Amino acid sequence: MATNRLASCIFCKIIKGEIPSFKLVETELSYSFLDIGPLSKGHALVIPKYHAAKLHELPDEYLADAMPIAKRIALAQGAENYNVLQNNGRTAHQEVDHVHFHVIPKPSKDEGLI
Ligand code: 5GP
Ligand code: ZN
């Protein structure tokens with residue numbers, strides 16, 4: 001396993017508990033929590049407990065740990081339709097430079113957005 005390394009970025013601070021978050025699932029290698037600016041009800045983030053800005057810098061074991069969590073969250077939310085998104089770099093809409101996977105339920109029309 002790659003050495004676990006955390007930095008002073010906002011998501012590393014969330015992992016360390018230095019910034020509060022609404023935790024959903026935590027494993028040895030991953031942490032997941034609700035997005036502070038949800039695009040829909042239940043919008044969650046899954047992050048590796050390893051500070052890498054972009055996906056290609058992330059060791060595979062962290063990736064392998066994160067994906068089943070995204071699946072678990074999507075299942076628990078019970079949304080028929082949802083997006084799992086991961087942005088890399090500013091022009092690709094990445095704002096926080098710590099790899100994260102968005103899990104965004106798409107509510108049915110009568111449920112509304114937030
Ligand atoms: P990006 O655009 O980098 O793919 O997405 C970053 C996401 O992180 C955004 O959806 C934003 O709302 C979320 N975010 C940024 N800072 C915080 C925070 O301090 N707490 C939580 N829970 N989410 C955050
Ligand atoms: Zn970080």
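Reader: What makes S3 and strand S5 (residues 101-106) a pair?

Author: Bear in mind that this is a predicted model. Two strands count as paired when DSSP finds at least two bridges between them. S3 and S5 have three bridges, in the antiparallel sense, so they pass that cut-off. One of the contacts to look for is Val46, whose bridge partner in S5 is Phe101.

Reader: How do you know that strand S2 (residues 30-34) pairs with S3 too?

Author: By the bridge count again: five bridges join S2 to S3, and the two run antiparallel. At least two are needed, so this is a pair as well. Phe33, for example, has Leu45 as its bridge partner in S3.

Reader: And what joins S4 to S5?

Author: Five bridges, with the strands running antiparallel. Asn83 has Ile104 as its bridge partner in S5.

Reader: What order do the strands of the sheet have?

Author: The order is S1-S2-S3-S5-S4, in an open sheet of five strands with antiparallel pairing.

Reader: Why are strand S1 (23-26) and S4 called edge strands?

Author: Each of them pairs on one side only. As for the twist, it averages 15° from one strand to the next.

Reader: What makes S3 "largely enclosed"?

Author: Five of the five residues in S3 (residues 44-48) are buried, so the rest of the structure largely encloses this strand. Ala44, Val46 and Pro48 point one way, Leu45 and Ile47 point the other way, and all are buried. In a regular strand, side chains alternate between the two faces of the sheet.

Reader: Is His100 buried or exposed, and how do you know?

Author: Buried takes 20 or more other C-beta atoms within 10 Å. His100 has 22, so it is buried. It lies in the loop between strand S4 (81-85) and S5. Leaving out residues up to four places away in sequence, His100 touches Phe11, Leu45, Val46, Ile47 and Gln86.

Reader: Where does the "active site" label on His100 come from?

Author: From UniProt, which lists His100 under that name in an unreviewed entry. Such annotations may be inferred rather than shown by experiment.

Reader: Which residues come nearest to ligand 1?

Author: Ile36, Gly37, Asn87, Glu95 and Val96, out of the 13 residues around ligand 1. The shell divides into six nonpolar, five polar and two charged residues.

Technical notes:
Residues are numbered from 1 along each chain as its sequence is written. Chains are lettered from A and ligands numbered from 1 in the order in which they are written. This is a predicted model: local features need pLDDT of at least 70, side-chain atom pairs count only at pLDDT 80 or more; totals for chains, interfaces and linings use all residues. A residue is near a molecule or strand if its C-beta atom, placed from the backbone, lies within 6 Å of it. Ala, Val, Leu, Ile, Met, Phe, Trp, Tyr, Cys and Pro count as nonpolar, Asp, Glu, Lys and Arg as charged, and the others, Gly among them, as polar. A residue is buried if 20 or more other C-beta atoms lie within 10 Å of its own, exposed if 12 or fewer, and partly exposed in between; C-beta atoms are placed from the backbone. Helices (H or I, at least four residues) and strands (E, at least two) are DSSP runs, numbered from the N terminus. Two residues are in contact if their C-beta atoms, placed from the backbone, lie within 7 Å. Axes are lines fitted to C-alpha atoms, for helices over the stretch in contact, and angles run from 0 to 180 degrees between N-to-C directions.
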